[in-house]
Amino acid sequence: MAFQYCTSLTSVQLPEGMVHLGEYAFSSCTALSEVTIPESVTDIPGKPFWNTPWMEARMAEETLVIINHVLIDGTNAQGDLVIPDDIAAIGTAAFAGDKALTSVYVPDSVTSIGQDAFGETGIREVRLPEGLTELAPYLFYHCDSLTSVDIPETVTFIGLQAFAFCGALRELVIPAGVEQADPNAFHMCGVLDSIVFLNPDMVMDPYSTFLDNGQYKTEFLHENVIYGYTGSTAQAYAETFGNPFIALDTSAGDLDGSGTVDLLDVIHLNRSLLGVEELDAGKRILADVDGSGKTDASDSLLILRYTVSLVDHLGK
């Protein structure tokens with residue numbers, strides 16, 4: 001922020017060898033029209049040139065403003081966007097507020113995404129890169145049209161209000177690698193019907209608004225179905241706050257929650273495979289009885305064989 005609001009500054013030449021550009025370093029320098037940035041600058045947090053003539057000119061010329069493989073602004077993007085595969089990072093609030101953006105494909109070359117990068121956009125779906133280790137704070141804050149997100153297996157932490165106020169988000173699978181999620185990560189996700197926790201030891205703050213939809217936990221009986229493992233922190237959380245809990249390790253094949261695996265479960269799976277019925281994320285995991293990582297006709301056949309005692313167990 002060293003030169004922020006320097007309204008008489010007209011040009012900047014950053015030195016060779018410089019790596020880090022400070023957050024909002026030259027923002028609101030309202031006369032800044034010439035900027036020279038060496039290739040060594042690769043760490044670009046915040047909005048370093050926001051509200052400058054130089055940035056406004058770049059935005060007018062380019063849908064994506066990119067500096068040394070860092071995408072710092074894409075707020076003019078519309079529709080379905082595929083980010084180029086030479087991008088290494090996406091900056092803070094790079095797409096924030098872009099209601100015309102409907103989907104984003106982020107390539108595996110991207111290893112970091114800044115906070116609020118997609119906040120309050122119109123995205124309905126997003127593909128995140130394998131290799132990403134953190135979902136930054138406010139990453140999808142108030143994305144009202146977002147219905148589902150596949151979180152990469154490499155993610156270990158989910159930040160403050162990363163999915164807060166995602167009013168259309170119906171389900172989430174939290175991969176086994178996630179060690180902790182901020183207490184307010186899913187705050188006010190009003191239609192989040194089910195959430196799957198694959199790490200039995202994931203840190204879950206018992207006094208948080210982790211799955212709070214607007215009322216204190218002591219006053220609100222959550223209806224979100226929690227899937228997890230027997231003895232897990234997810235089960236403890238569900239039991240403490242009254243969430244329905246389904247154990248992934250003891251319920252394989254039981255798609256209707258009856259407590260037994262029978263022909264009705266085969267029917268549910270077949271209807272799902274035909275597109276007539278939708279299984280939530282947890283049930284899709286329970287339906288994958290052959291451990292292939294997907295649900296298909298082989299799972300249906302295996303469940304059927306189990307019901308007539310041709311196999312003696314389901315799942316891994």
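These legends go with a set of close-up views of one predicted model.

Local features are described for residues with pLDDT of at least 70, side-chain atom pairs count only at pLDDT 80 or more, and totals for chains, interfaces and linings use all residues. Residues are numbered from 1 along each chain as its sequence is written, and side-chain values use heavy atoms, with hydrogens and water left out.

View 1. Over residues 212–221 pLDDT stays under 50. The model still has 21 contacts beyond four places in sequence for that stretch, a contact being heavy atoms within 4.5 Å. Where pLDDT is low, the predicted coordinates should not be read in detail.

**View 2. Strand β15 and its partners on either hand.** Helices (H or I, at least four residues) and strands (E, at least two) are DSSP runs, numbered from the N terminus. Two strands count as paired if DSSP finds at least two bridges between them. Strand β15 covers residues 225–228 and pairs with β14 (residues 194–197) in the parallel sense, over three bridges. Look for Ile195 opposite Ile226 in β15. With β16 (residues 245–247), β15 again makes a parallel pairing over three bridges, and here Gly228 has Ala247 as its bridge partner. Buried means under 20% relative accessible area, exposed over 50%, and partly exposed in between (1.4 Å probe, protein chains only).

**View 3. A three-stranded open sheet.** The strand order here is β10-β11-β13, with parallel pairing. Strands of a sheet pair through backbone hydrogen bonds, either parallel or antiparallel. Which strands stand at the edges? They are β10 (134–135) and β13 (180–181); each has a single partner strand, so one side of each is left without a neighbour in the sheet.

**View 4. The largest nonpolar core, and a second one.** A nonpolar core is a set of buried Ala, Val, Leu, Ile, Met, Phe, Trp, Tyr and Cys residues joined through side-chain atoms within 4.5 Å. The largest has 50 residues, and Ile90, Phe95, Phe118, Phe140, Ile158 and Phe163 touch the most other members. Strands β7 (101–105), β12 (171–174) and β14, along with helix α2, each supply at least two residues. Helix α2 gives the most, with four. Zoom in on Ile90: beyond four places in sequence, the residues that Ile90 touches include Leu71, Ile83, Phe95, Val106 and Phe118. A second, separate core has 20 residues, among them Phe26, Cys29, Phe49 and Met59.

**View 5. Cysteines without a disulfide.** Searching the whole structure turns up zero disulfides, taking a disulfide as a pair of cysteine sulfur atoms within 2.5 Å. For Cys29, the nearest cysteine sulfur is that of Cys6, 5.1 Å away. Cys29 counts as buried because its relative accessibility is 0%. For Cys189, the nearest cysteine sulfur belongs to Cys166, at 5.2 Å. Cys189 also has 0% relative accessibility, so it counts as buried.

**View 6. Lys47, buried or exposed?** This lysine is buried, with a relative accessible area of 8%. Lys47 sits in the loop between β2 (34–36) and α1 (53–61). Leaving out residues up to four places away in sequence, Lys47 touches Tyr24, Ser27, Ile72, Asp73, Thr92, Ala93 and Ala94.

View 7. Gly79 belongs to strand β5 (residues 79–82) and counts as partly exposed, at 23% relative accessibility. Beyond its neighbours within four places in sequence, Gly79 is in contact with Ala100, Leu101, Thr102 and Ser103. Asp201 lies in the loop between β14 and β15 and is exposed, with a relative accessible area of 61%. From Asp201 to Ala2, C-alpha to C-alpha, the separation is 43 Å in space and 199 residues in sequence.

Technical notes:
pLDDT is the predictor's confidence in each residue, from 0 to 100.
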